[in-house]
Amino acid sequence: MSAQTMRAGAFLTINLEAIVSNWRLLSKLAKPAECAAVVKADAYGLGAPEVAAALQEAGCKTFFVAHLDEGLVLRKAIGFRSRVFVLNGTPPGAEAEFLRSVLIPVVNTAGELAAWRSHACEAGRSMPVALHLDTGMARLGLSSGDVAMLAGDPSLLEGLSVELIMSHLACADEPAHRANQQQRREFAKLRSVFAKKARSSLANSSGIFLGQGFHGDLVRPGAALYGINPVPGAPNPMRQVVRLSARVLQLRDVPTGTRVGYGHTFCADRRMRLATLSIGYADGWPRTATTSVFFGGTRLPFAGRVSMDSIVVDATDCADLPGEGSFVDLLCPEQTVDDVASDAGTIGYEILTRLGQRFSREYQTHSMLRRSPTRSNST
Ligand SMILES: *Cc1c(COP(=O)(O)O)cnc(C)c1O
């Protein structure tokens, strides 16, 4: 543990080797399709520069982010060897910046397509683009009407090199949902309008597990890379990636009947030893997740409400807790991101992306611990 971690209130350990091993498993399942990596939202909160660099080194050649700025951060971190697609497309006037940084926009609307094309005409060069087709989620993408228009007038794609035809599944985490097959059929139908050489992509993490019919030429996993279960209800095939640990600020022995925390919602029903931890909802821990922490294999249940900067737990049955200044785990093999999500009434995606920037972070590669140079905590 580094000196900085020692004095941190809480720290997040991110196992890059586990992320790489998850990517390898998904690649194997998707073969012969290519396996890309979705690193939007700072790689679901875990650090896009570090995650993408590790995956590129392992052989990943295609990345997805949501915003132009995320693309710029990625280019700084991984150079220009890999393709980077920007899911939320081009904000007006940003075309030149996309070209300069070799970022490929995922075009969602007919207007955006026209703007990108007129920029290509002005620039006098062919510009790469990905087309997102809506096949039944009604969130983003060209409608079947837009696609019919493109089919009727090929000049609408003049000057553009269509690199990818993609769509997104609404219900991939429910394998039996009929929307999956409906979307697959609709995608095949719309896709046939475009040149064969444009590659196709339909599957997110869960979509990969729906079978080969959903793989197309390229799959786009995000969540599963970071250890979230892509097949809810079945055993998680992915490796766990994060450990979250918080420091014990204070230990206190209290008599039966002691009330604890805001609103006095917890009352000690015996003599108790309480431990106050240096983590709270301002760190991104959901206030609604009142679970447990772990020390070694011992479970220490939450006592009362989550505060902004602290959480009190019942340490009575943990005789071997070394005392103030020691660290206990909130995310660990005994309590996964998915466990906390289900307790808080949300999904693992939200837990990960909310984990704030207040933590000290350590990146684990093989047996080595490496601190990120780009993220230092001055508090
Ligand atoms: C976020 C996103 C993904 C990744 O989804 P996961 O469920 O995290 O694997 C793939 N495609 C699109 C269009 C997305 O927005």
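The legends below describe close-up views of a predicted model.

View 1. An oxygen atom of the ligand lies 2.5 Å from a polar side-chain atom of tyrosine 44. Glycine 222 places a backbone N or O atom 2.8 Å from an oxygen atom of the ligand. For histidine 168, an N or O atom of the side chain is 3.4 Å from a nitrogen atom of the ligand. The ligand taken alone exposes 390 Å², and the protein buries 93% of that.

**View 2. Lysine 40 in helix 3.** Lysine 40 belongs to helix 3, which covers residues 40-44. An unreviewed UniProt entry places the feature "modified residue: N6-(pyridoxal phosphate)lysine" at Lys40. The relative accessible area of lysine 40 is 27%, so the residue is partly exposed, given that partly exposed lies between the 20% limit for buried and the 50% limit for exposed. Not counting residues up to four places away in sequence, lysine 40 touches Phe64, Val65, Ala66, Glu70 and Leu87.

**View 3. Helix 4 and its cover.** Helix 4 spans residues 48-58, and eight of its eleven residues are buried, so the helix is largely enclosed by the rest of the structure. The buried residues are Ala48, Pro49, Glu50, Val51, Ala52, Ala54, Leu55 and Gln56. Their cover includes helix 2 (16-30), helix 3 and helix 5 (68-78). Strand 3 (37-38), strand 4 (62-65) and strand 19 (360-365) are also part of this cover. Glycine 59 follows helix 4 and has a positive phi, near 115°.

**View 4. The buried face of helix 8.** In helix 8, made up of residues 144-152, Asp146, Val147 and Leu150 are buried. Seen down the helix axis, the buried residues of helix 8 fall within an arc of 100°, and therefore line one face of the helix. These buried residues pack against helix 7 (110-123), strand 7 (127-132) and helix 9 (178-191).

**View 5. Glutamine 181 in helix 9.** Glutamine 181 is part of helix 9, an element against which the buried residues of helix 8 pack. The relative accessibility of glutamine 181 is 35%, so this residue counts as partly exposed. Phenylalanine 214 is 33 residues away from glutamine 181 along the chain, and the C-alpha atoms of the two are separated by 8.9 Å.

**View 6. Aspartate 283 in a loop.** Aspartate 283 sits in the loop between strand 14 (272-277) and strand 15 (292-295). With a relative accessible area of 4%, aspartate 283 is buried. A polar atom of the aspartate 283 side chain lies 2.8 Å from the backbone nitrogen of glycine 280. Leaving aside neighbours within four places in sequence, aspartate 283 is in contact with Met308, Arg354, Leu355, Gly356, Arg358 and Phe359.

View 7. UniProt, in an unreviewed entry, places the feature "domain: Alanine racemase C-terminal" at residues 241-364. Over these residues the chain is 12% helix and 36% strand. The end C-alpha atoms of residues 241-364 are 10 Å apart.

How values were computed:
Residues are numbered from 1 along each chain as its sequence is written. This is a predicted model: local features need pLDDT of at least 70, side-chain atom pairs count only at pLDDT 80 or more; totals for chains, interfaces and linings use all residues. Side-chain values use heavy atoms; hydrogens and water are left out. UniProt positions are given in the numbering used here, feature names are shortened, and annotations may be inferred rather than shown by experiment. Helices (H or I, at least four residues) and strands (E, at least two) are DSSP runs, numbered from the N terminus. Buried means under 20% relative accessible area, exposed over 50%, partly exposed in between (1.4 Å probe, protein chains only). Contact means heavy atoms within 4.5 Å. The arc is that of the directions from the helix axis to the C-beta atoms. A polar contact is a pair of N or O atoms within 3.5 Å; within protein, one must be able to donate a hydrogen and the other to accept it, and residues adjacent in sequence count only if both atoms are side-chain atoms. Accessible areas come from the Shrake-Rupley method with a 1.4 Å probe; for residues, only the protein chains shown count as cover.
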